[in-house]
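Trainee: Please show me the protein. Then take me through it one question at a time.

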Amino acid sequence: MIRNIPQFLIAAPTSGTGKTTVSRLLMTLLTQKKLRVQPYKCGPDYIDTKYHEKACGIPSYNLDLFMASEHHVCKVYNHHAVDADVCIVEGMMGIFDGYDRSKGSSAEIAKVLRLPVVLVVSAKAAAYSLAAMIKGYVDFDPQVEVAGVIFNQVGGDRHEEMLREICEDLNILCFGCLRKYDVLKEESRHLGLDFSRKEKGSITQTMMKELERQLDIELLLEMTRRSVDVPDKPERRKRVLASMNIWIARNKESFSFIYAEHLEWLNGLGKVTYFDPEDNSVVLPDDVDILYLPGGYPENRARQLSAATNVMNSIKDYIERGGYTLAECGGMMYLTSVLMTGTDTRMEYNMAGVLPVKVSAFKGDMRLSLGYRSFEFRGMKIRGHEFHYSQVIESDEELTSAAQVYNAKGQPVNTPVYHYKNLIASYTHLYWGETGFMRLFEPLPGNPFLF
């Protein structure tokens, strides 16, 4: 079924120019106009998608050409465009920044999905010199359609006039000139926006109207209307069992990095129960089929997690019985023996003790580990993304990695993959929205997990 709706990808020359702010602003404004805005995010980011969901009221889905195939990216996009009035894709980094030159970049995703690009350009301390830069981005790849520009951090009326002259001379549309507002600045947490804290400022309805006045939304919607081939009927996931019992750890701070496509995949398999590992009244029932411990910032809640011994022991018992468990990054840290934290004084907290490993998030031990990852396991090519500052500082000599992990260039990295009974644990946030993850596990007798 072919639908003709406004759809576009918001990109920028570099990070830090305001594309996330502009994306959220447009999502909020259009949602307030009673339009169903379907958000997406290029790349592996699981924080920006939370902002999208907050603005639109529906989940935001990741589109990543390293972690998934072109076919899967198109399928995810089209599937969730079925009921949308507008589709907005937020790009990542600079428009042509990929894992290998421009491979996997926002530009490549725009080409694969045939989306027009809205280029967000910071006009801070610049005027007509921006013409050369914009022309370069417009002409660099003829297959990338730049539909128009939104200028950010515009100083005033005269500054706006000069910026609009650029668009006139380049024969490119200007969709708006946003003024400088301190409230639009976001605090950063590591490399991402901090979703766990409340924003210092708030955008009032009066300011929203002012921001809307600075954008030509009608022109934007008109000039980005394109056809999209959506499925006639939503595809249902094949259920292996009549009803699987799936438990997922969820906490705003310590267990929150979950791809929306993964949740949809798991919901298609059976009943999903969310539980907070800080709630000491929680005990996993005997009939749990899958336990998923996603990433987050457990180092910020180490004291509370360590105090909830009942749920921690319950999880350990489940894993020791051979329960199917996937633990990613923060989830893996939760299963270690000790988690160290602190800025000036090193604090140690006992964790679940499934893995004989000590992990440190103490300021003096922290260093950034960032990038795409891949490894082979049980004949499968597994891909994902790694992003953390904590480090494994001590582990049992007998606990070896179950796979050699590589970066996007195919170079080996020292990230371990722990395989214990039916537990798979690693710093890598795996992307299994395309294939599911049950093929990672060795089926137990009488348990027909064949995906």
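**Contacts, cores, rings and strands**

Trainee: Leaving aside its neighbours within four places in sequence, which residues is Tyr334 in contact with?

Mentor: This is a predicted model, in which local features need pLDDT of at least 70 and side-chain atom pairs count only at pLDDT 80 or more, while totals for chains, interfaces and linings use all residues. Residues are numbered from 1 along each chain as its sequence is written, and side-chain values use heavy atoms, with hydrogens and water left out. Contact means heavy atoms within 4.5 Å. With neighbours within four places in sequence set aside, Tyr334 is in contact with Phe255, Pro277, Leu293, Leu305, Val311, Met312, Ile315, Met351 and Ala352.

Trainee: How many residues are in the largest nonpolar core?

Mentor: A nonpolar core is a set of buried Ala, Val, Leu, Ile, Met, Phe, Trp, Tyr and Cys residues joined through side-chain atoms within 4.5 Å. Buried means under 20% relative accessible area, exposed means over 50%, and partly exposed lies in between (1.4 Å probe, protein chains only). Leu266, Phe275, Leu293, Ile315, Tyr334 and Leu335 have the most contacts inside the largest core, and its residue count is 64.

Trainee: How many residues does the second, separate core have?

Mentor: In soluble globular proteins, nonpolar side chains tend to be buried together. The second core is separate and includes Val76, Tyr77, Val112 and Leu113; its residue count is 42.

Trainee: What is the angle between the planes of Phe257 and Tyr297?

Mentor: The two rings form an edge-to-face pair, 5.3 Å centre to centre. Phe257 is buried at 8% relative accessibility, and Tyr297 is buried at 8%. The planes of Phe257 and Tyr297 stand at 85 degrees.

Trainee: Why does the pair of Phe257 and Tyr297 tie together separate parts, and how many residues apart are they in sequence?

Mentor: Helices (H or I, at least four residues) and strands (E, at least two) are DSSP runs, numbered from the N terminus. Phe257 is in the loop between strand 11 (244-249) and helix 9 (260-267), and Tyr297 is in the loop between strand 13 (290-293) and helix 10 (302-307), so the parts tied together are separated in sequence by 40 residues.

Trainee: Which residues do ring pairs link into a cluster with Phe257?

Mentor: Phe257 and Tyr297 pair edge-to-face. Through ring pairs, Phe257 belongs to a cluster with Tyr46, Tyr259, Tyr297 and Tyr431.

Trainee: Over which ring does the charged end of Arg250 sit?

Mentor: A charge sits over a ring if NZ of Lys or CZ of Arg is within 6 Å of the ring centre and within 35 degrees of the ring normal. Arg383 lies over the face of Phe66, at 4.2 Å from the ring centre. For Arg250, the charged end is 4.6 Å from the centre of the ring of Tyr274.

Trainee: How wide is the arc that the buried residues of helix 2 cover?

Mentor: Asp48, Thr49, Tyr51, His52, Ala55 and Cys56 are the buried residues given for helix 2 (residues 48-56). The arc is that of the directions from the helix axis to the C-beta atoms. These residues lie on the same side of helix 2 because their arc is only 155 degrees.

Trainee: How many bridges join strand 5 to strand 6?

Mentor: Two strands pair if DSSP finds at least two bridges between them. Strand 5 (residues 117-122) has five of its six residues buried, and three bridges join strand 1 (residues 2-11) to strand 5 in parallel. Leu119 of strand 5 stands opposite Ala11 and also opposite Val149 in strand 6. Strand 5 and strand 6 (residues 146-154) run parallel, and the number of bridges is six.

Trainee: Is Arg114 buried or exposed?

Mentor: Arg114 lies in the loop between helix 4 and strand 5. Although not a glycine, Arg114 has a positive phi of about 55 degrees. With a relative accessible area of 70%, Arg114 is exposed.

Definitions and conventions:
Phe/Tyr/Trp six-rings, centres within 6.5 Å; stacked < 30°, edge-to-face > 60°.
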